[in-house]
Amino acid sequence: RVVALDPRRDDAWEGLWRTSQSCEPLSEQVKVCEARLKHDDSVRNHLLLADVRAKQQSWGMAEEQANQALKLDPDNLPAHLFLVALSIRRSENEEFLRMAWQHVWSASKLLQSAPRTPENSGRFREYALNAIIFRALALDPAEARAALDSWLKLNPGDQAAKEIQSALAGL
């Protein structure tokens with residue numbers, strides 16, 4: 001109701017977004033994201049919609065939204081990381097691995113120049129693990145396993161990395 005009265009109120013949109021996250025089916029979240037995009041065509045709003053589309057396994061629509069985010073900001077690290085992960089999920093087609101490489105490379109360049117912040121530390125982790133998966137799928141599984149072993153020596157409690165290690169054991 002507040003959003004309808006004043007669509008410029010970001011706090012109202014955030015409240016609506018948080019509420020919609022508990023909704024099933026995901027179509028409610030899509031409606032909220034699409035409505036918000038009509039009022040604020042921003043990188044963040046495109047990425048929110050891309051994330052919901054990925055949860056629906058609507059890969060093409062998720063990719064479209066992430067690419068829209070990159071049109072608004074070609075140096076947006078979260079958008080590049082999202083597209084790396086999305087391309088890996090779709091890696092049964094070699095075309096998507098080529099797309100993943102482009103975004104792995106872009107994310108690497110952006111991270112090199114990014115300031116050291118807690119937020120960027122999380123992004124570096126996301127980048128590193130996705131780059132290892134990409135390496136295993138597209139380049140050299142043995143090299144990827146070695147990189148993951150090194151990561152786990154530095155981060156022994158990283159549960160996601162352990163799960164990736166289990167998955168790579170079969171390659």
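**Note on the helices, cores and salt bridges**

1. Leaving aside its neighbours within four places in sequence, Leu77 is in contact with Ala107, Leu110, Leu111, Asn120 and Arg123, where contact means heavy atoms within 4.5 Å. The model is a predicted one, in which local features need pLDDT of at least 70 and side-chain atom pairs count only at pLDDT 80 or more, while totals for chains, interfaces and linings use all residues. Residues are numbered from 1 along each chain as its sequence is written, and side-chain values use heavy atoms, with hydrogens and water left out.

2. As to the overall plan, the secondary structure of the protein comes to 10 helices and 0 strands, and reading along the sequence gives the pattern α-α-α-α-α-α-α-α-α-α. Helices (H or I, at least four residues) and strands (E, at least two) are DSSP runs, numbered from the N terminus. Of the 171 residues in the protein, 42% are buried; buried means under 20% relative accessible area, exposed means over 50%, and partly exposed lies in between, for a 1.4 Å probe and protein chains only. Among contacts between residues at least 6 apart in sequence, 45% join residues at least 24 apart.

3. The largest nonpolar core has 13 residues, of which Leu77, Leu81, Val104, Ala107, Tyr127 and Phe134 touch the most other members. The elements giving two or more residues to this core are α6 (77-89), α7 (94-113) and α8 (118-139), and α7 gives the most, with 6 residues. A second, separate core of 12 residues includes Ala50, Ala54, Ala62 and Leu83. For the student, a nonpolar core is a set of buried Ala, Val, Leu, Ile, Met, Phe, Trp, Tyr and Cys residues joined through side-chain atoms within 4.5 Å.

4. How do α7 and α8 pack, and at what angle? They pack at an angle of about 145°, with their axes 10 Å apart; the axes are lines fitted to C-alpha atoms, for helices over the stretch in contact, and angles run from 0 to 180 degrees between N-to-C directions. The crossing of α7 and α8 is left-handed, the term used if the near helix is turned anticlockwise from the far one by less than a right angle, whereas clockwise is right-handed.

5. On the α7 side of this pairing, the residues that meet α8 are Leu97, Ala100, Trp101, Val104, Ala107, Ser108 and Leu111, and they meet Asn120, Arg123, Phe124, Tyr127, Ala131, Phe134, Leu137 and Ala138. The residues of this contact divide into 12 nonpolar, 2 polar and 1 charged, if Ala, Val, Leu, Ile, Met, Phe, Trp, Tyr, Cys and Pro count as nonpolar, Asp, Glu, Lys and Arg as charged, and the others, Gly among them, as polar.

6. Ala50, one of the residues in the second core, is found in helix α4 and counts as buried at 0% relative accessibility. Not counting residues up to four places away in sequence, Ala50 touches Ala62, Gln65, Ala66 and Phe82. Its C-alpha atom is separated by 7.0 Å from that of Met61, which is 11 residues apart along the chain.

7. The structure holds 6 salt bridges, a salt bridge being a side-chain nitrogen of Lys or Arg within 4 Å of a carboxyl oxygen of Asp or Glu. One of them joins Arg53 and Glu34, whose closest N and O atoms are 3.2 Å apart. Arg53 lies in helix α4 (residues 43-55) and Glu34 in helix α3 (residues 27-39), so this pair ties together parts that are 19 residues apart in sequence. Arg53 is buried, with a relative accessible area of 12%, whereas Glu34 is partly exposed at 35%. Beyond residues up to four places away in sequence, Arg53 touches Val30, Glu34, Ser58, Met61 and Ala62.

8. Arg125 counts as partly exposed at 32% relative accessibility, and Asp158 counts as buried at 9%.

9. A last point concerns the backbone at Gln57, where phi is near 60°, a positive value in a residue other than glycine. Gln57 lies in the loop between α4 and α5 (59-72), and at 55% relative accessibility it counts as exposed.
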